[in-house]
Amino acid sequence: MAVNLVLSFALAILISSSPTAVGVDATEELKEAVLTLDAGNFSEVVAKHPFIVVKFYAPWCGHCKQLAPEYEKAASILRKNELPVVLAKVDAYNERNKELKDKYGVYSYPTIKIMKNGGSDVRGYGGPREADGIVEYLKRQVGPASLKLESAEEAAHSVVDKGVILVGVFPEFAGMEYENFMVVAEKMRADYDFFHTSDASILPRGDQSVKGPIVRLFKPFDELFVDSEDFGKDALEKFIEVSGFPMVVTYDADPTNHKFLERYYSTPSSKVSKHNSCYILFVSSKYIVNYTC
Ligand SMILES: *[C@@H]1O[C@H](CO)[C@@H](O)[C@H](O)[C@H]1NC(C)=O
């Protein structure tokens, strides 16, 4: 990867220093940390990058204005990352880009998507909105789907109060259970962090004597951890969605809560009712969203 970067950099210099060559795209890319895309060059640029993040924004939107300098800063840090991470933006309010807006289901601003493998793999961005958080989240997204935990220090640092974390414990890193865990990790990585280990004794909570295969879900709410031994792909996904979903979500400025809220809103059965002068959204008999009021 590093070699590729050096090569394309050298190529760009070559193009821009040659008086006859046009090379607008390559020089543009070197100058700006965040690439500006529109309907005319979107597909071409996305196809060129194995991992590109696209922010769909509207010029008037307040959250977009807040995000813009953070996104720019993150882009300038990430362009030096070992594995290339490219940040781009599209003015989705511009009529010219309506097709892109529709294609990627942009219903609110800003909407951020991660596009991999030339745009064939598109997922929602589930990370923070300030520069350091964006950098940390995207570095994690561009690397392996699950990271190996080697020590108690590492486990404590990665697991405790970091949101919903999955750790697979396997006697060996092979077999159906391990492979399914990796498939699910790849699928759900935008919303949860995945780790694996062969040594449950380094984990900060739960039975430390288990040998596995077992998956332990750590969470900063409710009962703090839950184990499952069902490694069917669908069962594992369901386990993560159900056990990783808090019974009560407080709607406040904490961005880690927003993905839960988005899911409440997108559930068709949701309804809103007023309670003690706070609006409370009931999605099912089990889950309640508390609004700050
Ligand atoms: C894409 O096209 C727009 C409008 O022509 C231009 O402003 C932008 O710099 C182009 N982006 C890239 C990466 O070439």
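User: Which residues of strand E7 lie on one side, and which on the other?
Analyst: Both faces of E7 are covered, and the five residues named here are all buried. Buried means under 20% relative accessible area, exposed means over 50%, and partly exposed is in between, with a 1.4 Å probe and protein chains only. One side carries Ile165, Val167 and Val169; the other carries Leu166 and Gly168.

User: What kind of model is this, and what pLDDT do local features need?
Analyst: Residues are numbered from 1 along each chain as its sequence is written, and side-chain values use heavy atoms, without hydrogens or water. The model is predicted: side-chain atom pairs count only at pLDDT 80 or more, totals for chains, interfaces and linings use all residues, and local features need pLDDT of at least 70.

User: How many residues of E7 are buried?
Analyst: E7 spans residues 165-169. Strands (E, at least two residues) and helices (H or I, at least four) are DSSP runs numbered from the N terminus. E7 is mostly covered, and the buried count is 5 of 5.

User: Which strand pairs with E7 in the parallel sense, and which runs antiparallel to E7?
Analyst: Two strands pair if DSSP finds at least two bridges between them. E7 has 5 bridges to a parallel strand at residues 193-197. It also has 5 bridges to an antiparallel strand at residues 214-218. The parallel partner is E8; the antiparallel one is E9.

User: How many residues apart are Arg140 and Asp193?
Analyst: Their side chains form a salt bridge at 3.7 Å, N to O. Arg140 sits in helix H6 (residues 131-142) and Asp193 in strand E8, a separation of 53 residues.

User: Is Arg216 buried or exposed?
Analyst: Arg216 forms a salt bridge with Asp227, with the closest N and O atoms 2.7 Å apart. Arg216 is in E9, and Asp227 is in E10 (residues 225-228). Asp227 is partly exposed at 30%. Arg216 has a relative accessible area of 0%, so it is buried.

User: Is Lys187 buried or exposed?
Analyst: Lys187 and Glu237 meet in a salt bridge of 2.9 Å, N to O. Helix H8 holds Lys187, and helix H9 (residues 233-243) holds Glu237. At 51% relative accessible area, Lys187 is therefore exposed.

User: What is the strand order of the open sheet of 5 strands?
Analyst: The sheet has mixed pairing. E1 (34-37) and E5 (121-124) each have a single partner strand, so one side of each lacks a neighbour in the sheet. The order is E1-E3-E2-E4-E5.

User: Which residue in E3 stands opposite Ile52?
Analyst: E2 (residues 51-57) and E3 (residues 86-91) run parallel, joined by 6 bridges. The residue opposite Ile52 is Val86.

User: What angle does the direction of H4 make with that of E2?
Analyst: H4 (residues 62-78) packs on the sheet and touches E1, E2, E3 and E4. Axes are lines fitted to C-alpha atoms, for helices over the stretch in contact, and angles run from 0 to 180 degrees between N-to-C directions. The value is about 165°.

User: Which residues does Lys113 contact, leaving aside its neighbours within four places in sequence?
Analyst: Lys113 lies in strand E4 (residues 111-116). Its relative accessible area is 17%, so it is buried. Contact means heavy atoms within 4.5 Å. The partners are Ile52, Val53, Val54, Phe56, Tyr104, Val122, Arg123 and Gly124.

User: What percentage of the residues of the protein chain count as buried?
Analyst: The chain has 10 helices and 14 strands. Of its 293 residues, the buried share is 40%.

Notes. A salt bridge is a side-chain nitrogen of Lys or Arg within 4 Å of a carboxyl oxygen of Asp or Glu.
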